[in-house]
Amino acid sequence: MAQLGLIGLGKMGFNMRERLRAAGHEVVGYDRNPDVTDSTSLEDMVSKLDGPRIVWIMVPAGEPTRQTVAELGNLLSEGDLVIDGGNSKYTDDRINADLLATKKIGYLDCGVSGGVWGKDNGYGLMVGGAASDVEKAMPIFDALRPEGPRDEGFSHAGAVGSGHYAKMIHNGIEYGMMQAFAEGFELLEAAKVVENVPAVIKGWQRGTVVRSWLLDLLVRALDEDPELDDLEGYVEDSGEGRWTLEEAINNAVPAPVISAALFARFASRQEDSAAMRAVAALRNQFGGHSVKKAGD
């Protein structure tokens, strides 16, 4: 049995705690929400752990994570280990690792995929950091990953930063896959040749080359709302798609699918696109094409 301090008990962190406990591990959680926390403060959480301690962070990326790492640096001891399992940008990891190294505290970055389904299905894990630190936390990783061969749900990607880098690229790929399914759905709906669009998409779940978990989730959504009329077509991005494109530019790697998927999300947030107004105006100017006036 392993012992773990877990900071951040939101949708992901809460389910991770439940999965770890179901596997027989002791988890001492901390969250600002008094309804879910096991501790009153970070200091209280650390005091309940036996050394050498392992503490897993599941808080929003950026300043909240950096602040949490800094606080842990003042609370933990030599030989302890911190794992950032949030969606931090990989460039933050070296900063966090160097800060903790001054206290001889280890650091791992772990990209986590699985969403709200991870509690039952397990989480895909991509870890960066020293092999010795990975080995210390392996009982935790083994409990969180899906059942089956370890190398099909867990990877030690390399040095510090590589885990979050791998997760960043994973999410960029996810953007493109989601956009392809979305565009296929819209085309099926618009053409009117296919009379039962949900049935067609459901029929792709077995035997086809596009079968995937994302397809299964689309089928689930269509079962609940066949036209998807209950949803507004407004899509946020977590930041990792943007970071993926930054890396594509920095490394001169063409990434047209991922870039188009990200820009489509931007377009979804525009109630009235200035760009599309300009296109309409130009079509009217050079070709006399009809335009729809505002308020029509």
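Into which domains is the protein divided? The protein of this predicted model is divided into domain 1, residues 3-158, and domain 2, residues 168-269. The legends below take up the domains, their interface, a surface patch and some backbone details.

**Figure 1. The two domains, domain 1 (3-158) and domain 2 (168-269).** The C-alpha centres of domain 1 and domain 2 are 30 Å apart. Contact between the domains involves nine residues of domain 1 and nine residues of domain 2.

**Figure 2. The area buried between domain 1 and domain 2.** The size of an interface is often given as the accessible area lost when the parts come together. Between domain 1 and domain 2 this buried area is about 770 Å². Carbon and sulfur atoms give 62% of that area.

**Figure 3. Polar links between domain 1 and domain 2.** Three residue pairs are in polar contact between the two domains, counting pairs with both residues at pLDDT 80 or more. The number of salt bridges between domain 1 and domain 2 is one.

**Figure 4. The salt bridge of Lys 89 and Glu 246.** In this close-up, Lys 89 and Glu 246 form a salt bridge. The closest N and O atoms of the pair are 2.9 Å apart.

**Figure 5. A nonpolar patch on the surface, formed by Val 116, Trp 117 and Trp 213.** Together, these three residues have about 300 Å² of accessible area. Val 116 sits in the loop that runs between β5 (106-113) and α5 (118-121).

**Figure 6. The cis peptide bond between Gly 51 and Pro 52.** Omega of this bond is about -10°. Pro 52 belongs to the loop between α2 (42-47) and β3 (54-57). As background to this view and the next, most residues other than glycine have a negative phi, and most peptide bonds are trans.

**Figure 7. Positive phi values at Leu 228 and Ala 252.** Leu 228, a residue other than glycine, has a positive phi near 55°. Its place is in the loop between α10 (213-224) and α11 (240-250). Ala 252 is not a glycine either, and its phi is positive at about 55°. The loop that holds Ala 252 lies between α11 and α12 (256-268).

Technical notes. Residues are numbered from 1 along each chain as its sequence is written. This is a predicted model: local features need pLDDT of at least 70, side-chain atom pairs count only at pLDDT 80 or more; totals for chains, interfaces and linings use all residues. Side-chain values use heavy atoms; hydrogens and water are left out. Patches are made of residues with over 30% relative accessible area and no salt bridge: like charges are joined within 9 Å, nonpolar side chains (Val, Leu, Ile, Met, Phe, Trp, Tyr) within 5 Å. Accessible areas come from the Shrake-Rupley method with a 1.4 Å probe; for residues, only the protein chains shown count as cover. A salt bridge is a side-chain nitrogen of Lys or Arg within 4 Å of a carboxyl oxygen of Asp or Glu. Helices (H or I, at least four residues) and strands (E, at least two) are DSSP runs, numbered from the N terminus. Domain bounds come from an automatic or database domain assignment. Contact means heavy atoms within 4.5 Å. Buried area is the accessible area (1.4 Å probe) that two parts lose on being put together, summed over both. A polar contact is a pair of N or O atoms within 3.5 Å; within protein, one must be able to donate a hydrogen and the other to accept it, and residues adjacent in sequence count only if both atoms are side-chain atoms.
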